Amino acid sequence: MTTKSNAELKAHVIKQCKDRDVRFIRIWFTDVLGFLKSFTISVSELENALEDGIGFDGSSIEGFTRIDESDMVAMPDPETFRLLPWRPTEHHATARMFCDVQLPGGQPFEGDPRFALKKVLKRAAGMGYTFYVGPELEYFYFKKNGDGKPHSTEFLDAGGYFDLTPLDEASDLRRDTVLTLEEMGILVEYSHHEGAPSQHEIDMRYTEALTMADQVMTYRLVVKEVAHAHGVYATFMPKPVFGVNGSGMHVHQSLFRGARNAFFDAKDPYHLSKEARSYVAGLLAHAAEITAITSQWINSYKRLVPGYEAPVYISWAQRNRSDLVRVPQYKPGHEKATRVEYRSPDPACNPYLCFAVMLTAGLDGIEKGMVPPDPIEGNVYEMGTAERAARGIGTLPASLLEAVELAEKSDIVKRALGEHIFNAFIENKKQEWDQFRMQVTQYELDKYLPIL
């Protein structure tokens, strides 16, 4: 985060617009489900927008307001000003800024996911912490049909984990995506082919959580824009193809006190402090009830099944990738590299809400001095039901319905989201489940029609 004052940031934005011949500014925010919303102002409106915000109708935005309470104000965050590289940049350029959604009186709007995360981060700050995250978003490329729509059965490449060309035909797409992200000020650590055919991953360098949530929203759009420019389709759908790995968003996270990593203890066998262990315990204790937020779609639960690397069982370990929470050992004993990795979220979640519920769960563990169970270094998938029960290893929800029922009873989820978002999210997901359960799927036709 910058140390410049808000006035200095606003002046910098105005100067950048003049220097770079910016004519249009897109104002970005998200609805409750994490879909990116945008409207555009001309540069002539910029100064007024930075001072007073821009009014808009919120009644058609999922989870915002009723039609009789529709007036909203978008207050641009000047720190998020960036040029859009896929638009002309030499003449009549286009930029974007994320905004905070407010009520007409200037109060923060409780239905704004960005505000929900800010509230939890403020609570962490009151405890002396800054929350850092480093998500790993996986996604698929698919070829398009003649009508320009994705052809979900035709992979773009036949590569596997870390494969290099010629098997990995999407190297140029990843390269252009990384360059575009870097042009927008998003630092990338590395990119590679993932385990399934046509599955890829680009990892952003960790940063504080609000900035990272904005970056996740930008990342998803950039991946799709670059794919479109190459004539292919990119999707963050958690499980687009049966029989291969789904796409996850493993979230590396740590708490810092100033420049010191509060998760680090040089004397601990795992180099984890007491706070870190309590944070892990909080994640494990509340894992089932926050899953509706970290894995929010019907399709998410097609990924969360045994046998495809995605975690199903509530356990933790140092290196084992079958566990829900992992302590990476890339740089053992290095303070700044000490972190925990939460492996169940998928890349189609709302990142603001996802980060908010994970942090709230972890902070609850710290506040209550929770102690995690013993780590599980064996393969949890290979254990029998009786052994898992004896070790106290629970299971994540198996469906969206089960996840929503757990979330609806959760004080942790309500505290993280706030009552407005909590109610809107739960109601939306119940409707989604009702729509799904009435569908007649191809599986049912194939299995039952010939015999019943």
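Select Glu-138, Glu-194, Gln-199, Asn-245, Gly-246, Gly-248, His-250, Arg-303, Tyr-308, Glu-309 and Ala-310, which together line the largest cavity of this structure, a predicted model. The space inside that cavity comes to about 100 Å³, and its lining divides into two nonpolar, five polar and four charged residues. A search of the whole structure finds two cavities of 30 Å³ or more.

Next, turn to the cysteines, where the search finds zero disulfides. Cys-99 is in no disulfide, the nearest cysteine sulfur being that of Cys-17, 16 Å away; Cys-99 itself is buried, with a relative accessible area of 1%. Then display Cys-349 together with Cys-354: the sulfur of Cys-349 has its closest cysteine sulfur there, at 3.9 Å, which is too far for a bond. Cys-349 is also buried, at 0% relative accessibility.

The salt bridges come next, 20 of them by count. Start in helix H1 (residues 6–19), where Lys-15 and Asp-19 lie four residues apart, about one turn of the helix, and form a salt bridge with their closest N and O atoms 2.6 Å apart.

Move on to Glu-275 and Arg-257, whose closest N and O atoms are 3.2 Å apart in a salt bridge; because Glu-275 lies in helix H6 and Arg-257 in strand S13, the pair ties together parts that are 18 residues apart in sequence.

Now select Asp-364 and Arg-415, whose side chains meet in a salt bridge at 3.9 Å, N to O, linking helix H8 with helix H11 across 51 residues. Here Asp-364 is buried at 2% relative accessibility, whereas Arg-415 is partly exposed at 41%.

Finish with Asp-77, Asp-100, Arg-114, Lys-118 and Asp-214, which are linked in a network of salt bridges.

Note on methods. Residues are numbered from 1 along each chain as its sequence is written. This is a predicted model: local features need pLDDT of at least 70, side-chain atom pairs count only at pLDDT 80 or more; totals for chains, interfaces and linings use all residues. Side-chain values use heavy atoms; hydrogens and water are left out. On a 1 Å grid over the protein atoms alone, a cavity is a set of points where a 1.4 Å probe fits but cannot get out, and a pocket is an open set with protein on both sides within 12 Å along at least five of seven lines; lining residues have an atom within 4 Å of a point. Grid points are joined across faces, edges and corners, and a volume is the space filled by probe spheres set on the points. Ala, Val, Leu, Ile, Met, Phe, Trp, Tyr, Cys and Pro count as nonpolar, Asp, Glu, Lys and Arg as charged, and the others, Gly among them, as polar. A disulfide is a pair of cysteine sulfur atoms within 2.5 Å. Buried means under 20% relative accessible area, exposed over 50%, partly exposed in between (1.4 Å probe, protein chains only). A salt bridge is a side-chain nitrogen of Lys or Arg within 4 Å of a carboxyl oxygen of Asp or Glu. Helices (H or I, at least four residues) and strands (E, at least two) are DSSP runs, numbered from the N terminus.
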